[in-house]
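Q: Please take a close look at one residue and its surroundings. Keep it brisk.

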Amino acid sequence: MFNTSKQVRGFHDEKVAIVGDERANMRARRNSNRNRLKAGLVRDGKPKPLGSHTQGSYAMHTMVQDDNLDYDIDDGLYFKADDLVGAQGASMSALDVRKMVCAAVQDDKFNTPPDVRTNCVRVYYNAGYHVDIPTYRRIETTNIWTNKVEYSYELAGASWRTSDAKQVTVWFRETNKELSPESVGEGQFRRVVRYLKMFSKSRSSWKGKNPSGFALTKLASECFVSRLNRDDDALRSTMKAIADRLVYNKAVQHPVVDENLISDGDPRPTYFMDRLNENLGHLNVLNEVDCTHEKAMKAWDKVFCTSWFSEQPPEDGDDDGEPKSPVNKSGGGTYATS
């Protein structure tokens, strides 16, 4: 395969990963929202939460760049179940808890007021970000065999349902460490997830037709093909493995709870499989013996619907695609901890 790893990695660092000021801005908004929420709960005489924990792609560091700054920051809020009771002492409904949280984050500074969604409260920022606040209750039980206290969690969705977002983050970090071929750095698996998410949103006409970012992450974990120092080969091989997997199984199971992220009959896996096969065809040129830098760059441009690759000159005027300088193995910048 014609070596385009340096260019694919460069695309990741410049056009895919979110680094530096953008990440810092998100963190600042998250923190100010937490402060507003805590103050609002105190003002309204509501229960004190156990704490907040970021979750989803922000916590997994798999968010990708968006020209419209349409970023979704998920910041979970946790309460003791025994604290979530109404005036008559009965347990609060999932909807009542979401309404309580929504009231606590209201602020005249917002042009669009926060609102109650099915699984969270959403706070809108003019820059394009929104912070989603999914709210959980922690249930304590005592193990009859060990006599130890154990915790489980339920999300305030349409009704209370079992969920464990913190465990999802643990799952991802362990998977990234296990699958990535490097011993240091952020991990090739994490980068491949980002590439797939960027590919999935590379055309506006695809919006809403492909699986969610979380479902893509789960598919990548099942089908990931590692290639040390070769992100181009790892991405291409993983795309092929996912397309092959979706031929015989369209369902995608949640990694930590017993439920499907995507069930049979959902049209999104088939749509994504077709887009993968369509674009893997563009990359066939990389296997041709007379492949050139120009041909290879045009192929990746088609995959990501960009002109970035064709703007990259061959190194030192050579046309064999081999990197003449070491690929940065430490990843696309630094990331703030959540």
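A: Start with a term: buried means under 20% relative accessible area, exposed means over 50%, and partly exposed lies in between (1.4 Å probe, protein chains only). Ser5 has a relative accessible area of 1%, so Ser5 is buried.

This is a predicted model, in which local features need pLDDT of at least 70, side-chain atom pairs count only at pLDDT 80 or more, and totals for chains, interfaces and linings use all residues. Residues are numbered from 1 along each chain as its sequence is written, and side-chain values use heavy atoms, with hydrogens and water left out.

Ser5 sits in helix α1, residues 5–16. Helices here are DSSP runs of H or I, at least four residues, and strands are runs of E, at least two, numbered from the N terminus. Contact means heavy atoms within 4.5 Å. Setting aside neighbours within four places in sequence, Ser5 contacts Asn229, Arg230, Asp231 and Asp232. Lys80 is 75 residues from Ser5 in sequence, and their C-alpha atoms are 49 Å apart.

Now take Asn229, one of those contacts. Asn229 lies in the loop between α7 (213–223) and α8 (231–248). Its relative accessible area is 39%, so Asn229 is partly exposed. Phi of Asn229 is positive, near 65°, and the residue is not a glycine. Most residues other than glycine have a negative phi.

Last, confidence. pLDDT is the predictor's confidence in each residue, from 0 to 100. The protein chain has a mean pLDDT of 91, and 93% of its residues reach 70 or more. Over residues 321–338, pLDDT stays under 50.
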